[in-house]
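Hello,

Here is the structure we spoke about, handed over for your use. My notes follow below it.

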Amino acid sequence: MTTPLLKVDDLRVRFRTMGPLKALAKGVPDPYIDAVCGVSFDISEGETLGLVGESGSGKSTIARAIMGLVPAESGSVSFAGTDLTALSPRRFAPYRRDMAMMFQDPVGSLSPRLTVRSLITEPFRIHGTGDRDLDGEARRLLKMVGLNEDFARRFPHQLSGGQARRVGVARALALNPKLIIADEPTAGLDVSVQGEILNLFARLQDELGLAILIITHNLNVVRHITDRMAIMYLGRFVEQGPTEEVFYTPRHPYTEALLSANPEPDPDAVLDRIAISGEVPSLMNRPSGCEFHTRCLYAQAKCRTEAPALTEAGESHSFTCHYPLTVAHTGRTKAAS
Ligand SMILES: Nc1ncnc2c1ncn2[C@@H]1O[C@H](COP(=O)(O)OP(=O)(O)OP(=O)(O)O)[C@@H](O)[C@H]1O
């Protein structure tokens, strides 16, 4: 078996929610939240994984933990077989060249006082490889993302949302990474521009064999460009599997609810519209048993008390639910009774 490019194994990330004195004053004995609770997945070269889930479910925290920007409480993140969580910051640094992160907010994440040329060649300076022909590199990178060389002289405020996103991609590509992590790469863009950016990702993946981790609320993005998808709820994966399979035969009720709430449903979609009710529970006060039971249409007594184990639904499709949806002949789903 070949080693996956990225392997995340039982990753946990905790955050302190308040300082020790405040916690003492407020009588909070455990002022922590588990933003990511035992998540496992891998990505191979040339593969795209989509990470979906409501706001606060822990998607960006996974990305930041992979990049070493927040420490893992436990578990491991291995890149090409090396456990990054065991490395000192100095030994971690070379891996940052192989993994590029595109942050949310295309314009805001670009420093306003730098020209596009400086922005996209900055990684060469940061990583000490700035002795090359930076004008030539800027032209090469702009061409890769479909922008002409005149853009090199512009500043971020002179870019449209789509152009800013392309500049973000060019910057991410500077050091020839093997993995790109894109956090909401199409947020705030018009649908047509979203399509252009997705096509750009698809082309680059084809040409460069990149592995891509896409974090998004947009299920159409997931549908169109990912090979596999994972659905997060309160810091856990409730389901992961091949994208087409999950879209057509979701096994977890939360997946079903998210897919059916998609504002632009696929005309071939087989799911009835299912409203997801209630608020996302607080990470400070997690529900007992299956943590989705407070919002689940199919919850039964066992769901309130027993956490469901991970169940394999196929070769690379798994979910955590006591009463998973079943696959009928039509592809339509309903909870097993
Ligand atoms: N540095 C931090 N300190 C304390 N809590 C944090 C920190 N970073 C994130 N969190 C909390 O961790 C949880 C997960 O946040 P995260 O940003 O990973 O979610 P998300 O799914 O990416 O959300 P969104 O889609 O809104 O970006 C949230 O409750 C958030 O408030």
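Helix α6 (residues 161–173) packs against helix α7 (residues 191–208) at an angle of about 15 degrees, and their axes are 10 Å apart. That angle makes α6 roughly parallel to α7, a term for angles under 35 degrees, where over 145 is roughly antiparallel, 65 to 115 roughly perpendicular and the rest oblique. Axes here are lines fitted to C-alpha atoms, for helices over the stretch in contact, with angles from 0 to 180 degrees between N-to-C directions. Helices (H or I, at least four residues) and strands (E, at least two) are DSSP runs, numbered from the N terminus.

On the α6 side the contact is made by G161, G162, R165, R166 and V169, and on the α7 side by V193, E196, I197 and L200. Contact requires C-beta atoms, placed from the backbone, within 7 Å. These residues divide into 4 nonpolar, 2 polar and 3 charged. Nonpolar covers Ala, Val, Leu, Ile, Met, Phe, Trp, Tyr, Cys and Pro, charged covers Asp, Glu, Lys and Arg, and the others, Gly among them, are polar.

The model is predicted: local features need pLDDT of at least 70 and side-chain atom pairs count only at pLDDT 80 or more, while totals for chains, interfaces and linings use all residues. Residues are numbered from 1 along each chain as its sequence is written.

Helix α6 also meets helix α4 (residues 116–126): the two axes come within 7 Å and cross at roughly 30 degrees. This makes α4 roughly parallel to α6, and the crossing is right-handed. V116, L119, I120, E122 and P123 of α4 make the contact with V167, A170 and R171 of α6. By class there are 6 nonpolar, no polar and 2 charged residues in it.

Now the sheets. An open sheet of 8 strands has the order β6-β7-β8-β3-β9-β10-β12-β11, with mixed pairing. Its edges are β6 (99–102) and β11 (311–312), each with a single partner strand, so one side of each has no neighbour in the sheet. Strands count as paired if DSSP finds at least two bridges between them. β6 runs parallel to strand β7 (residues 179–183), joined by 4 bridges, and M101 stands opposite I181 in β7. Helix α10 (residues 253–260) lies across β3 (48–52), β9 (228–233) and β10 (236–242), at about 105 degrees to β9.

A further open sheet has 4 strands in the order β2-β1-β4-β5, and its pairing is antiparallel. The edge strands β2 (32–43) and β5 (82–83) each pair on one side only. Strand β4 (residues 74–79) pairs with β5 over 2 bridges, and the bridge partner of S78 is D83 in β5. Helix α2 lies across β1 (6–16), β2 and β4, running at about 110 degrees to β1.

Last, the ligand. Around it are F15, A35, G53, S55, G56, S57, G58, K59, S60, T61 and L283, counted by a C-beta atom, placed from the backbone, within 6 Å. Helix α2 (residues 59–66) gives the largest share of this shell, 3 residues. The shell has 3 nonpolar, 7 polar and 1 charged residues.

Regards

How values were computed
Contact = placed C-beta atoms within 7 Å. Left-handed = near helix turned anticlockwise from the far one by under 90°.
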